[in-house]
Amino acid sequence: MEISPANTSTIAVVGGGAAGFFAAITCAENAPHLRVILLERAAKVLGKVKISGGGRCNVCHAEYDPRELAKAYPRGSKALLGPFHRFCSGDTQGWYAERGVELKTEADGRMFPVTDSSQTIIDCLTQAATRAGVEVRTKTNVDALQRQSDGRWRLSAGKQPLTADRVLLAPGSSPRLWTALAQLGHTVIPPVPSLFTLNIEDPRLEGLAGIATEGEVWAEGTRLHESGPILITHWGLSGPAVLRLSAWGARVLAEKRHQFGLRVNWVAGHTPETLFTVLQAQRQAVPRQAVARRSPFGLPGRLWKRLVEACGIGEQIRWAETSNVSLRKLAEALGGTHFPVTGKSTYKDEFVTAGGVKLAEVNFKTMESKQFPGLHFAGEVLDIDAITGGFNFQAAWTTGWIAGKAMAQMEVNEKRGNGKGPVGETQS
């Protein structure tokens, strides 16, 4: 059994992702005397950081108001409000700037390194960990942990068990560790997919991949409704509106086995009634023009033509030749096309789940378990997830930072004989 030298406390961080690295670095920087060991089951660390944002890494979002930022989390918004007041998006930006990494803000609020390379973030985190003295061990699988009579923790970590004074769990969605936590006595909310695209097989969408428009989507039979850009893909529909729908409706849609009716309004800000009025006005304005030639709503040409044809209006039919019945049918299609959803697909290479440790069982001032002193959590192991846009990473940075600060101060207090109570702030 591996034991630390006398008078040296050991902190074990399980999970070499964003939350784990941030916690390990923060802990080691705030208490250099501690032995901080980061354990990652894969051959390389920061795998999700590497592929996120199409390889550019969407580090965070340019929302600096904690209350507004918290609204991006279908699960965890209330719990994260306090933590965001301590470490928010501006703090993330500042943390990286202090270590030589400049971030840029895109039009939609997403923030990326100016290099447009996730390797920049990986290099920053790994170099910071090395400077802080964090021991990084890859190919080390932790699938069980046990609290000993002296309050320390025993982890099965490779060939030789590891004993630690404190443990931070940041393994993401790890079935083995989630099972171990449940056996320990924690409530673990079963994971379901979140942040996914919708599979739709429909001739009205064939050949239109890549087309996007501002609109609205509804999951029929539910209260789920979102607006924003809608993107047609080779497999169905995606885009911010669809992804937000999937995030907020993660559990409801999972209960439906991701098979449900989707209604799409292709023209943002309009209803079938207002659409019908515009179509009538178009008939008056350009009676000799072919209906399929141009959309009066600015819709992409191929999408407009497909919707017109689907309503039985031929390619050569002029506006003057359309009846109110035909225009009404077109207005209904524009404002509420029905599609049968047959399944889901992961959004790009990013996999997010809703589920994890029940939030009521965690002290969000320290990220410590309320039931088991010395056990902390950060990142996706918690029942926290967000919409797309850098928000999931922000939750990782914030919870990792708070856990790292708390573990460092708690061990300082413990060595001084002050016990393991609530912690105050320490200098970064």
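**View 1. Glutamate 368 and arginine 166 form a salt bridge through their side chains, with an N to O distance of 3.2 Å.** The model shown in this and the following views is predicted. Glutamate 368 belongs to strand E21 (residues 368–369) and arginine 166 to strand E10 (residues 166–169), so the pair ties together parts that are 202 residues apart in sequence. Glutamate 368 is buried, because its relative accessible area of 8% falls under 20%. Arginine 166 is also buried, with a relative accessible area of 0%.

**View 2. A salt bridge links the side chains of arginine 244 and glutamate 226 (3.3 Å, N to O).** Arginine 244 is located in helix H8 (residues 240–248), while glutamate 226 is located in strand E14 (residues 225–232); the pair therefore ties together parts that are 18 residues apart in sequence. Glutamate 226 has a relative accessible area of 16% and is buried.

**View 3. Aspartate 116 and arginine 56 meet in a salt bridge between their side chains, at 2.9 Å from N to O.** Both residues lie in loops: aspartate 116 in the one between strand E5 (110–113) and helix H6 (118–132), and arginine 56 in the one between helix H2 (47–55) and strand E3 (60–61). The pair therefore ties together parts that are 60 residues apart in sequence. Aspartate 116 has a relative accessible area of 31% and is partly exposed, because this value lies between the limits of 20% for buried and 50% for exposed.

View 4. Side chains of opposite charge can pair when their charged atoms come close. For the model as a whole, the count comes to 20 salt bridges.

**View 5. Serine 345 is joined to asparagine 199 by a polar contact of 2.8 Å between their side chains.** Serine 345 is part of strand E18 (residues 343–346). With a relative accessibility of 23%, serine 345 counts as partly exposed. When neighbours within four places in sequence are left aside, the residues in contact with serine 345 are Phe196, Thr197 and Asn199.

**View 6. Serine 345 and glycine 236 are shown together, with their C-alpha atoms 9.4 Å apart in space.** In sequence, serine 345 and glycine 236 are separated by 109 residues.

How values were computed:
Residues numbered from 1 in each chain as written. Predicted model: local features only at pLDDT ≥ 70, side-chain atom pairs only at ≥ 80, totals over all residues. Heavy atoms only, no water. Helix = DSSP H or I, 4+ residues; strand = E, 2+ residues; numbered from the N terminus. Buried < 20%, exposed > 50% of the residue type's maximum accessible area, 1.4 Å probe, protein only. Contact = heavy atoms within 4.5 Å. Polar contact = N/O pair within 3.5 Å; in protein donor to acceptor, adjacent residues only side chain to side chain. Salt bridge = Lys/Arg side-chain N within 4 Å of Asp/Glu carboxyl O.
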